[in-house]
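Try each one before you read its solution.

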Amino acid sequence: MRGQTRQGLRRRRALSAAAALTIGVMTAGALTAPQASATRPDSVQRSLNALVRDDGMPAALASVQGRNGRTRTYTAGVGDLATGAPVPVDGQVRIGSNTKTFVAVVVLQLVAERRVDLDASVDTYLPGLVRGEGIDGRRITVRQLLQQTSGLPNYSDYLGDDVRYYAPRELLATALQHPADFTPGTSWKYSNTNYVLAGLLIQKVTGRPLAEEIDRRVVRPAGLRHTYFPAPGDASIREPHPHGYYRESADAPPRDITEIDPSWGWAAGQLVSTGSDLDRFFSALLAGRLLPSAQLAQMRSTVPAEATFGPGARYGLGIVSRPLPCGGLSWGHGGSFPGYETRGGATDDGRAANVAVTMQLTDEAGRRNLERAVDTALCR
């Protein structure tokens, strides 16, 4: 789904119902300093200012955690183009495919509990559910779902224009109308369908809704106070948040699409969170506070994923490693959802950073600039 989105969660056409807004040119006055600002903006603030000024983002937010565990937050731009309201510090955003890492953690916890076998077939847990042209759940393993090596077609490439509620099995059925991309285990390709199936597997094995399992097993143990899985029909964002926007074309005015039914993302991308909560989550994960060492090692066993995530990137079980310009690796995921784009990661020595903008990026230059802002934050 590279042509539509880097992280695989973009609805290009399903946003026509959002009201159009007309805005003027953003001025330097809309670029705000971090909470603990110096006279001259530091490198992170300058990178956010550039995302607003040069890439046309309505707003940018960052949360940066140092090795000492202290966190600084930053904002730039305007939180609401209609009113000119400021960007809420550490505001909530839709985090898109970062959701996949949460789902992978739950599956790997079930592996640790001996309730799921990574190398068992999908049919072991969801018998008869996965069948299609070149598709057979008896030949796809749980590991292949989490690592994006199943060959399952990406349902979000085939959704129509309706902005409405989608049941998880409806998303799966959409994918199964199309042939497999490749034989399981022979290649790698990003597909949201893998994680819809992982979510269905979690529900079948635990007998509980996916949202409850994520909250019980990940959100609460990691101390995430601003992260939640929206309930069916909940199109709002609960806490202070910048508005999210969509632009039909480069010269079209942004449309406010903050309130949107997120169900089409489900286990592949429905969560809402903040930058500081994402820092806390990925730090807790790397520190071994969410998974036993054996399962964390499995998660960090990677395959090349440069075609989607950029030079040197590799995909584990729901987590991405990227080389840092200052040396070493960052571990995270990133996400794209109508109105928002997030990038970030954490390092083994305790650094973490997450940057969000309030419009999806559709060009490589913009994506590189967002990733460069994360690198700046992690290498400062």
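**Exercise 1.** Find which members of the largest nonpolar core touch the most other members.

Solution. Keep in mind that this is a predicted model. Next, look at where the core comes from: H2 gives the largest share, nine residues.

**Exercise 2.** List the contacts of valine 116, leaving aside its neighbours within four places in sequence.

Solution. Contact here means heavy atoms within 4.5 Å. With the sequence neighbours left aside, valine 116 is in contact with Val107, Leu110, Val111, Tyr125, Val142, Leu201 and Val205.

**Exercise 3.** Decide whether arginine 114 is buried or exposed, and describe its backbone.

Solution. First locate arginine 114: it sits in the loop between helix H2 (99–112) and strand E4 (131–132). Its phi is near 65 degrees, a positive value in a residue other than glycine. Its relative accessible area is 80%; exposed means over 50%, so arginine 114 is exposed.

**Exercise 4.** Work out how strands E11 and E12 are arranged.

Solution. Strand E11 covers residues 320–323 and strand E12 residues 329–332; they pair in the antiparallel sense over four bridges. As one of these positions, serine 321 has tryptophan 331 in E12 as its bridge partner. Five residues lie between the two strands of this hairpin. In the turn, glycine 327 has a positive phi of about 100 degrees.

Conventions: Residues numbered from 1 in each chain as written. Predicted model: local features only at pLDDT ≥ 70, side-chain atom pairs only at ≥ 80, totals over all residues. Heavy atoms only, no water. Pairing = 2+ DSSP bridges. Buried < 20%, exposed > 50% of the residue type's maximum accessible area, 1.4 Å probe, protein only. Core = buried A, V, L, I, M, F, W, Y, C linked by side-chain atoms within 4.5 Å.
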